Amino acid sequence: MAQVTLSNIRKSYGSVNVIHGVDLGINDGEFVVLVGPSGCGKSTLLRMIAGLETISGGTLDIGGRIVNDLDPKDRDIAMVFQSYALYPHMTVATNMGFSLEHRGGSKAEITERVNWAAGILGLESLLQRYPRQLSGGQRQRVAMGRAIVRNPQVFLFDEPLSNLDAKLRVVMRGEIKSLHQKLKTTTVYVTHDQVEAMTMADRIVVLNGGRVEQIGAPLDLYDRPANRFVAGFIGSPSMNFLEGTIAPDGFATGGLTVPLPAEAQRHVGRPAIFGIRPEHLRLDPAGIPAEVLLVEPMGAETQITMRLGDTQVIGVFRERVALSPGAVIKVIPDAAAVHLFDADGGQRLE
Ligand code: ADP
Ligand code: MG
């Protein structure tokens, strides 16, 4: 196990900068998830930690050593990819033990490590099979087994669940999380899926365009997003945004006035963006009229897309609502759960 410290890490390909100075301290045993839209630099950052990409600037410290110029094999890390990259002509046991054989372990040692990892991952009965005889989930488990037999200081995962169907993804993300609770190995996990990030991470790093937008515990990001980007990226369905101005009696948007918390008064007159999560809209006979556009019953809750003023918003309600498009409902945002962002830079207003 080890701490991993990135200080002003940069990456450029020729004259194109793709990572613009990332600072990140990962604690010993921590599970950190890098999340962001496709192309934001997640894989590039992870591959620099692994040593598969050169580092253009800054320093990378793993376990108290600057490793910028060390080969991947000398960094004591293990990486799991989206493509499982198993050797098709080798059994599960041989695939898992291969890297140890490479390192010159004795046969008995290797068998013991492979059996230990197989036990943890529930692969005991599959050790003599070939990859083609396994399901997608089993293959991904073998890929993880190959990483854990080495008992590395750091695990790196790059979208390891993206090739699995939705149901299996949920199962496997639980398995990876309990694996981490057992082994407590420092882990950096890359995904574009904010639900994976929320459910798995000790801390989330939100990346956008090669820059860090915010670092924090999942619920801190959810409850106090630092800016509009993070607010819109974390949470599903996404936070609703209304454009307007902070007025003495509330938020003026599209001919409506929406209630604001008292603290918002210090920003009166300021153009802003009003953010409210779908579950923080309430049905209320004294609320603001909204035209129903779409009703989606989910069983436990009802999701309603509606027009509020001149903006389309989504509400998630615990009630079962039998309504058709065109109907008018009355909703009210929970003033305590309102987020305000600067109209220009998108920074959170306190
Ligand atoms: P992510 O994993 O978040 O989807 P990547 O780290 O793969 O994103 O890519 C980040 C950016 O770097 C993208 O804009 C991509 O086009 C660019 N990039 C990645 N590899 C190269 C390369 N070898 N040469 C030039 N640009 C690259
Ligand atoms: Mg990627």
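Mentor: The answer begins with the conventions, turns to the ligand and its surroundings, and ends with other parts of the chain.

Residues are numbered from 1 along each chain as its sequence is written, while chains are lettered from A and ligands numbered from 1 in the order in which they are written. This is a predicted model, in which local features need pLDDT of at least 70, side-chain atom pairs count only at pLDDT 80 or more, and totals for chains, interfaces and linings use all residues; side-chain values use heavy atoms, with hydrogens and water left out.

Around ligand 1 stand Tyr-13, Val-18, Pro-37, Ser-38, Gly-39, Cys-40, Gly-41, Lys-42, Ser-43 and Thr-44; a residue belongs to this shell if one of its heavy atoms lies within 4 Å of the ligand. Sorted by class, the shell comprises four nonpolar, five polar and one charged residues. In this scheme Ala, Val, Leu, Ile, Met, Phe, Trp, Tyr, Cys and Pro are nonpolar, Asp, Glu, Lys and Arg are charged, and the others, Gly among them, are polar.

A polar backbone atom of Gly-41 is 3.0 Å from an oxygen atom of ligand 1. From the side chain of Ser-43, a polar atom lies 2.8 Å from an oxygen atom of ligand 1. For Thr-44, an N or O atom in the side chain is 2.5 Å from an oxygen atom of ligand 1. On its own, ligand 1 has 560 Å² of accessible area, and the protein covers 56% of it; such areas come from the Shrake-Rupley method with a 1.4 Å probe, and for residues only the protein chains shown count as cover.

The element that gives the most to this shell is helix H1 (residues 42-50), with three residues. Helices (H or I, at least four residues) and strands (E, at least two) are DSSP runs, numbered from the N terminus. H1 is mostly covered, with seven of its nine residues buried. Buried means under 20% relative accessible area, exposed over 50%, and partly exposed in between (1.4 Å probe, protein chains only). The buried residues of H1 are Lys-42, Thr-44, Leu-45, Leu-46, Met-48, Ile-49 and Ala-50. Just after H1, Gly-51 adopts a positive phi of about 90°.

Elsewhere, Thr-91 sits in the loop between strand E6 (77-80) and helix H2 (92-103). Thr-91 counts as buried because its relative accessible area is 10%. Its side chain makes a polar contact with that of Thr-94, at 2.6 Å; a polar contact is a pair of N or O atoms within 3.5 Å, where within protein one must be able to donate a hydrogen and the other to accept it, and residues adjacent in sequence count only if both atoms are side-chain atoms.

Strand E19 (residues 339-342) holds His-339. His-339 has a relative accessible area of 4%, and is therefore buried. Its side chain makes a polar contact with the side chain of Arg-348, at 3.2 Å.

Helix H3 (residues 107-121) contains Glu-109. Glu-109 has 48% relative accessibility, so it counts as partly exposed. Between Glu-109 and Asn-27 there are 82 residues of separation in sequence and 30 Å in space, C-alpha to C-alpha.
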